[in-house]
Amino acid sequence: MTHTRHHQHTARVNHLDASARPRTRLVFAVALTVATMIAAAGCGSSGSSITAPRITPAKTYQLAGFQPAGPVGAGHPTTVSFTIREPSGEPLTTYRTCCEPHDGVDLIIVRSDDSHIQYDDSDIAANGTVTQPVTFPAPGSYRVVIDAYPKHTGPDAPINFQLFTHITVKGHYHPQPLPPYNPIQTVGGYRFQIQGHPRLKAIEADFLTINVRDPAGHKPAFGSWRGALAHAIFIHQGSLDYFHTHVCSPGSRYCTSALGATRVTGSSSAPGQLKVGVLLPEPGTWRLFLLTYINGKHLTPTFTLHVSS
């Protein structure tokens, strides 16, 4: 089975790409060993300090043949490739194809200062080799989340699991401090505004209502990308723990994300408004990268959020 899907989103603090379907690339080198987590359902979390509910660790899948194997420079495209090895030692070759946005293999790459994120939808060859041309924007350490959705083969099979590693990009690292909470972000002339002041709590499903206006002040229609009207990627400051939810049209079948028994489903039933589901595994400061596709442009506003226990 071969998937060919060269799509990706990139975002940086104070520099958000508004070009139509950008194809920037990313280069990386493995720095740490891989940890594996089974997600309870839908998109998952990589939180590490919560007490309940927890995503059950699984030491059954691992990366094999990860390339490139050494440090790289910023701004130079290269092809990343790897295979996921099953518990039997055989390569994983069959992935879900039915259920966007929960299918295939996603790469989520985040800089250690939480200032840049890249979301890549990778190619999978018939032999299980996953490839993705990528480019790092700046020196530093990056965390790579490999979110895999294998073909469901039985009641005990995981819906998805995550593999993690860190990537080093050569050069002098200039960390960017996180900005304070600001409910209004403007990207490519489009205004994104969080309604009210969120009071978010760890392990509790909640919603952010985000109103969107185009440069003329009109309510824009949201386009679908990777099976959703918006992808909400949350990254915890410092630990870079990760959670991912989606915004879909009402009644969409595969839009729910879960943490243990708690579920959340984002929705959008009218132009100009997104109801973003929030379900975070631990308190602290989180960055929300909201990936949208509007009028042929990828727009990614970023918000700093504070989550209490």
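## Starting from Ile 210

Leaving aside residues up to four places away in sequence, Ile 210 touches Phe 192, Gln 193, Ile 194, Gly 272, Gln 273, Leu 274, Val 276, Leu 290 and Phe 303. Keep in mind that this is a predicted model.

As background, nonpolar side chains tend to be buried together in soluble globular proteins.

## Strand 22 and its partners

Of its 11 residues, 10 are buried, so the strand is mostly covered. Which strands does it pair with? Strand 16 is one partner, running antiparallel to strand 22 over seven bridges, and in that pairing Ile 233 stands opposite Phe 289 of strand 22. Strand 24 is another, also antiparallel, joined to strand 22 by six bridges. Here Thr 285 faces His 306 of strand 24 as its opposite number.

Then there is strand 23 (residues 297–299), which runs antiparallel to strand 22 with three bridges between them. Ile 294 stands opposite Lys 297 in this pairing. The two strands make a hairpin with two residues between them, and Asn 295 in the turn has a positive phi of about 50°.

## Salt bridges around Arg 226

On to the charged residues. The structure has four salt bridges by the rule used here. Which residues does the network of salt bridges link? Its members are Glu 100, Asp 103, Asp 106 and Arg 226.

Take Arg 226 with Glu 100: this salt bridge has its closest N and O atoms 3.2 Å apart. Arg 226 lies in the loop between strand 15 and strand 16, while Glu 100 lies in the loop between strand 5 (78–85) and strand 6 (104–111), so the pair ties together parts 126 residues apart in sequence. Arg 226 counts as buried because its relative accessibility is 5%, under the 20% cut-off. Glu 100, at 35%, counts as partly exposed.

Arg 226 also forms a salt bridge with Asp 103, and there the closest N and O atoms are 3.1 Å apart. This pair links distant parts of the chain too, with Arg 226 in the loop between strand 15 and strand 16 and Asp 103 in the loop between strand 5 and strand 6, 123 residues apart. Both Arg 226 and Asp 103 are buried. Asp 113 and Arg 111 form a salt bridge as well, with the closest N and O atoms 2.7 Å apart, and both of these residues are buried. The general idea is simple: side chains of opposite charge can pair when their charged atoms come close.

## Two disulfides

How many disulfides turn up in a search of the whole structure? The search finds two. With the bonded cysteines numbered in sequence order, the pairing reads 1-2, 3-4.

Cys 98 and Cys 99 form one of them, with sulfur atoms 1.9 Å apart. The link of Cys 98 and Cys 99 is left-handed, with -45° about the S-S bond. Are these cysteines buried or exposed? Cys 98 is exposed because its relative accessible area is 53%, over the 50% cut-off. Cys 99, in contrast, is buried, at 2%.

Cys 248 and Cys 255 form the other disulfide, their sulfur atoms 2.1 Å apart. The torsion about this S-S bond is about 90°, so the disulfide of Cys 248 and Cys 255 is right-handed. Cys 248 and Cys 255 are both buried.

Note on methods: Residues numbered from 1 in each chain as written. Predicted model: local features only at pLDDT ≥ 70, side-chain atom pairs only at ≥ 80, totals over all residues. Heavy atoms only, no water. Disulfide = S-S within 2.5 Å. Buried < 20%, exposed > 50% of the residue type's maximum accessible area, 1.4 Å probe, protein only. Contact = heavy atoms within 4.5 Å. Salt bridge = Lys/Arg side-chain N within 4 Å of Asp/Glu carboxyl O. Helix = DSSP H or I, 4+ residues; strand = E, 2+ residues; numbered from the N terminus. Pairing = 2+ DSSP bridges.
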